[in-house]
Amino acid sequence: MASSSQGISSDTKAQVVQTFEGHPSYSCCKCSAVVALQDELISKSFSGRDGRGFLMQSAVNVKLGRREDRKLLTGVHTVADVFCVGCNDRLGWFYHKAADVSQKYKEGKYLLERERLIKENNWELDEE
Ligand SMILES: [Zn+2]
């Protein structure tokens, strides 16, 4: 079973690399580094540590912290905190592994906290 090991670049290239000009995206609310494309959004109905969270297919300009088992609302997950490479602020976490089968779809995905992000390009976003 190939559980697509999407190269999580753990090499610490600590610089802000990409911008997605013309594409709706999320940026770090502190340093404005682009961290994710709107296209990569899977769900907006997740819970972050202090509020709403977005489940993202991928993220850029972020680095991962130490992996650890954490008890979340949906059970124990092996996660790692996600930090912005621009300002080192914590933006959310990355799901390495989910203990529960029903939560497996989160593996390899990012949970970014809404409060830490700003939306670029005024995209239409009315549904909650
Ligand atoms: Zn930042």
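Me: Tyr 26 and Phe 54: buried or exposed?
Reply: Both are buried. By that I mean under 20% relative accessible area, with exposed being over 50% and partly exposed in between, using a 1.4 Å probe on protein chains only. Keep in mind that this is a predicted model, where local features need pLDDT of at least 70 and side-chain atom pairs count only at pLDDT 80 or more, while totals for chains, interfaces and linings use all residues. Residues are numbered from 1 along each chain as its sequence is written, and side-chain values use heavy atoms, with hydrogens and water left out.

Me: How many aromatic pairs are there in the whole structure?
Reply: A search turns up 3. Tyr 26 and Phe 54 make up one of them, a tilted pair at 5.0 Å centre to centre with 35° between the planes. For the cut-offs: rings of Phe, Tyr and Trp (its six-membered ring) pair if their centres lie within 6.5 Å, and planes under 30 degrees apart are stacked, over 60 edge-to-face, the rest tilted.

Me: Which parts does the Tyr 26 and Phe 54 pair tie together?
Reply: Tyr 26 sits in strand E1 (residues 25-28) and Phe 54 in strand E4 (residues 52-56), so the pair ties together parts 28 residues apart in sequence. Strands here are DSSP runs of E with at least two residues, helices are H or I runs of at least four, and both are numbered from the N terminus.

Me: And what about the rings of Trp 93 and Tyr 95?
Reply: Their centres are 6.4 Å apart and the planes meet at 85°, so that pair is edge-to-face. Trp 93 is buried at 4% relative accessibility, and Tyr 95 is buried at 3%.

Me: OK, metal next. Which residues coordinate the zinc ion?
Reply: Cys 28, Cys 31, Cys 84 and Cys 87, each through SG, at 2.3 to 2.4 Å. Donors are N, O and S atoms within 2.8 Å of the metal (3.2 Å for Na, K and Ca), and since water is not among the atoms, sites may look incomplete.

Me: What arrangement do the 4 donor atoms make?
Reply: Tetrahedral, because the angles run from 98 to 117°. Four donors get that label if all angles lie between 85 and 135 degrees. The ideal for four tetrahedral donors is 109.5 degrees.

Me: How are the donor residues spaced in sequence?
Reply: The spacing is C-x2-C-x52-C-x2-C. Cys 31 is partly exposed at 31% relative accessible area, Cys 87 is partly exposed at 21%, and Cys 84 is buried at 0%.

Me: How many disulfides does the structure hold?
Reply: 0, where a disulfide would be a pair of cysteine sulfur atoms within 2.5 Å.

Me: Which residues line the second largest pocket?
Reply: The lining (residues with an atom within 4 Å of a point) includes Arg 49, Arg 70, Lys 106, and also Trp 93 and Tyr 95 from the edge-to-face pair. Strand E3 (41-47), strand E5 (62-72) and E7 each give two or more residues, and E3 gives the most, with 3.

Me: Last one: how many helices and strands in the protein?
Reply: 0 helices and 9 strands. Of the 128 residues, 38% count as buried.

Key:
Tetrahedral: all angles 85-135°; square planar, octahedral: opposite > 155°, others 65-115°. 1 Å grid on protein atoms, 1.4 Å probe; cavity = no way out; pocket = protein on both sides within 12 Å on 5 of 7 lines; lining within 4 Å.
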